[in-house]
Amino acid sequence: MRFTIRHVTRFNYEGGISEGVMEARMQPRSDGQQRCLHFSLSTTPVSRVMLYQDHDGNTVHHFNVPGHHSRLTLTAQALVECAPPPDLPVSIPPDAWGELDSRAESGEFWDLLAPSQFAETTDALFEFARSIGLTRGTDPLSTLQHVMGEMYRLFEYSPHSTQVDSRIDEALQDRRGVCQDFSHIFIALARHLGIPTRYVSGYLFRDVEAHDRSTDGATHAWAEAMIPGAGWVGFDPTNNLIASERHIRVAIGRDYADVPPTRGVYKGVSAVRTELAVAVRIGPVQPSQLIDVVPFTPWMSRDASIPLRDADAEQQQQ
């Protein structure tokens, strides 16, 4: 499947600022079953955009906007090709838990086994683990599928119910949250079992027949766990799904703190109030369409516009 993506982010600075420096993680990855065939990032005001790869292989664009300005708009456009992931194995090696323990002792996955800023271990997390009878089951894959199913059953997907810096205890207490919260809770539980697990930011192409709970017009988040005999397997606890070709991967890290879509600083008076608005559109490219003829669907034309959502909740990505 091929998808076109348009991701627009707009910052409004009340009273204006004199200079801004920013980095963005918006370019889809090219690895595994996914290839980014085209990507562009433009800014208004115009700036010189440069890039580098971080230690996790994520593409990071960065730029600065000198001079006084009161608005900054980032427009990212991508064409991505996604193939279905390999089928999950019928059975997992009987010594899978032992293999995970050996790799943990070697320190190979230390950063993906230790608690992190948002995927933390708390009393509320342990209480939830006890309530669902969390323990090492027959194998790591079936154990995590059980965890994902229980989270889907017990948690409500509720946009705007948490903030970008909310701790997992808030979602655990209220039994509701957004993709970011569900991913962090899932990651913390998996790491507690000794399974290396990482956070994935990206997009989910919504299939009307799939009844996805996550919000349309926004980015998405899920988790990937290292399963012996299967490699990295994506788990989407928001929708109770094993990640498929509809899941478009942008960046991976320990948790959201490693991979926000945008991060930056600016010069201005201390009282500058910032408003953020985000809009995302994903469209499929039919097999009959040629890349060099139809690189983007019509709504991606220069004159097209996307209604931008108000930002307090949207700055969470999800």
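Glu23 lies in strand β1 (residues 2-24); strands are DSSP runs of E of at least two residues, and helices are runs of H or I of at least four, numbered from the N terminus. This is a predicted model, in which local features need pLDDT of at least 70, side-chain atom pairs count only at pLDDT 80 or more, and totals for chains, interfaces and linings use all residues. Residues are numbered from 1 along each chain as its sequence is written, and side-chain values use heavy atoms, without hydrogens and water.

With a relative accessible area of 17%, Glu23 is buried (buried is under 20%, exposed over 50%, partly exposed in between; 1.4 Å probe, protein chains only). The side chain of Glu23 makes a polar contact of 2.8 Å with that of Arg25 and another of 3.3 Å with that of Tyr52. A polar contact is a pair of N or O atoms within 3.5 Å; within protein, one must be able to donate a hydrogen and the other to accept it, and residues adjacent in sequence count only if both atoms are side-chain atoms.

Nine aromatic pairs are found in the whole structure. Rings of Phe, Tyr and Trp (its six-membered ring) pair if their centres lie within 6.5 Å; planes under 30 degrees apart are stacked, over 60 edge-to-face, the rest tilted. Two of the pairs are tabulated.

| Pair | Centres | Planes | Class |
|---|---|---|---|
| Phe11 and Tyr13 | 6.3 Å | 5 degrees | stacked |
| Phe109 and Trp232 | 5.8 Å | 90 degrees | edge-to-face |

Phe109 is buried at 10% relative accessibility, whereas Trp232 is partly exposed at 29%.
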